Amino acid sequence: MDLTLYDPFEKMQFSDTNCFLCGTNITPEHRTPVFGEWLQQKYKLPDKELLMLDKSVTTYQELTIPCCDHCHAHYVLPLEAEVAEAASKGLEGLQALDQQRMFQWIGKMYYGMLVTELIKEANPLMTPAYPVSEDPKMLGKFSSFFMVLQSMRVPMVFSDFLPCSIFYAEVAPLEDEQPFEYQDELSTMTFSIKLGSAAVTCVLLDNGIIKRALGRLQHLAQGQQLHPIQLAEFKARIYYAAYLFSIIPEYFIRQVKPGDDHLVLDTLIDDVTQDVFNPWETLAYAHMLEEMLKPWGIREQEILQAPQQPLSFLLDAENRFKPMERYVR
Ligand SMILES: [Zn+2]
């Protein structure tokens with residue numbers, strides 16, 4: 001068994017002729033969709049438009065990444081099938097899915113968006129405003145992430161950690177008008193997706209630290225049906241924590257012995273020489289919340305009416321869960 005990992009970041013090998021997962025040379029027609037076929041069918045996405053980082057517009061069916069036939073058939077399709085099956089059972093099904101599989105599924109979509117951006121940036125005719133490929137710290141982070149994402153292809157056991165934080169929430173149907181929704185933040189590596197009433201938010205490279213830090217938030221939402229505006233706040237809190245998170249976990253492969261059929265990875269978080277989180281700033285959090293609350297047109301002044309306690313739809317003054325059926329302006 002070949003346990004060799006592929007590192008596209010070493011030579012910045014981002015092109016339409018390298019499989020995103022194993023690097024094999026391919027012709028440009030070998031591709032896989034960033035959002036699985038089943039997802040596109042189920043939520044009628046193929047012709048829906050989405051906005052890319054460079055402000056260009058594409059559609060779900062056009063959003064594909066280079067992928068060899070072997071990786072497509074052996075690693076991508078089985079993963080999609082597994083998630084499709086879990087998703088058919090709603091939030092409960094998704095929560096029961098193996099966490100590593102959920103990480104890989106969300107990670108593949110996130111990485112698909114990233115690869116699309118990196119391929120564009122490699123085009124000499126393009127001059128992006130904020131090239132991701134020229135930020136060494138970001139590239140280090142992406143390269144660490146891709147190492148663990150390869151568990152999709154190369155059997156891998158994470159010694160005592162999960163590379164990410166996954167949060168789940170259920171949305172009440174009453175005022176929910178979005179059967180499908182997704183959001184991502186390339187630099188903080190955060191991705192959220194809503195399938196029907198089930199919402200999943202993932203911070204992809206924090207070794208589960210944000211999940212522990214926001215344990216109370218997840219606990220409060222557990223077993224509740226959130227109003228869509230509450231989900232927006234739930235996500236804002238997670239996205240903001242990811243924004244404050246300042247450490248890049250490092251991963252190390254244990255020495256491979258002849259006959260090994262998988263890799264074992266250990267991890268290291270340097271929380272001795274640096275703080276794990278940058279200090280909380282209410283104004284920055286309010287910006288994040290304002291962004292998430294855009295569909296309701298709630299502005300920062302309103303959020304910060306009581307500066308010590310930013311507006312919340314989730315929690316009451318005693319920090320208990322606040323049930324909400326309808327949003328009344
Ligand atoms: Zn491949």
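User: Before we start, what should I know about the numbering and about which features count?

Analyst: Residues are numbered from 1 along each chain, as its sequence is written. The model is predicted, so local features need pLDDT of at least 70 and side-chain atom pairs count only at pLDDT 80 or more, while totals for chains, interfaces and linings use all residues.

User: Which domains does the assignment give for the protein chain?

Analyst: Domain bounds come from an automatic or database domain assignment. Here that assignment gives domain 1 (1-158 + 263-273) and domain 2 (164-245 + 281-324). Taken over C-alpha atoms, the centres of the two domains are separated by 24 Å.

User: How many residues of each domain are in contact with the other?

Analyst: Two residues are in contact if their C-beta atoms, placed from the backbone, lie within 7 Å. By that rule, 25 residues of domain 1 are in contact with 20 residues of domain 2. On the domain 1 side, the elements giving two or more residues are α3 (90-96), α4 and α5 (136-149). The largest share of that side, 10 residues, comes from α4. As for the labels, helices (H or I, at least four residues) and strands (E, at least two) are DSSP runs, numbered from the N terminus.

User: How do β7 and β8 run, and what joins them?

Analyst: They run antiparallel, and 6 bridges join β7 to β8 (residues 190-195). Phe 180 has Leu 195 of β8 as its bridge partner, and Glu 185 stands opposite Thr 190 in β8. The two strands form a hairpin with 4 residues between them, and Met 189 in the turn has a positive phi of about 55°.

User: What is the open sheet of 3 strands like?

Analyst: Its order is β5-β12-β11, again with mixed pairing. The edge strands β5 (156-158) and β11 (250-253) each pair on one side only, and the twist averages 30° from one strand to the next. β5 pairs with β12 (residues 263-268) in the parallel sense over 3 bridges, and Val 157 has Val 264 of β12 as its bridge partner.

User: Which residues touch the most other members of the largest nonpolar core?

Analyst: In soluble globular proteins, nonpolar side chains tend to be buried together. A residue is buried if 20 or more other C-beta atoms lie within 10 Å of its own, exposed if 12 or fewer, and partly exposed in between, with C-beta atoms placed from the backbone. A nonpolar core is a set of buried Ala, Val, Leu, Ile, Met, Phe, Trp, Tyr and Cys residues joined through C-beta atoms within 7 Å. Of the 82 residues in the largest one, Ile 106, Tyr 110, Leu 204 and Ile 238 touch the most other members. Helix α4 gives the most to this core, with 11 residues. Both domain 1 and domain 2 give residues to this core, so it lies between them.

User: Is Val 200 buried or exposed?

Analyst: Val 200 is buried, because 22 other C-beta atoms lie within 10 Å. Val 200 lies in β9, and, not counting residues up to four places away in sequence, touches Leu 94, Ile 106, Ile 166, Tyr 168, Ser 192 and Ile 193.

User: Which phi value does Met 12 have?

Analyst: Met 12 has a positive phi of about 50°, although it is not a glycine. Met 12 lies in the segment before β1 (31-33), and counts as exposed because it has 12 C-beta neighbours inside 10 Å.

Note on methods: Pairing = 2+ DSSP bridges. Axes fitted to C-alpha atoms, helices over the stretch in contact; angles between N-to-C directions.
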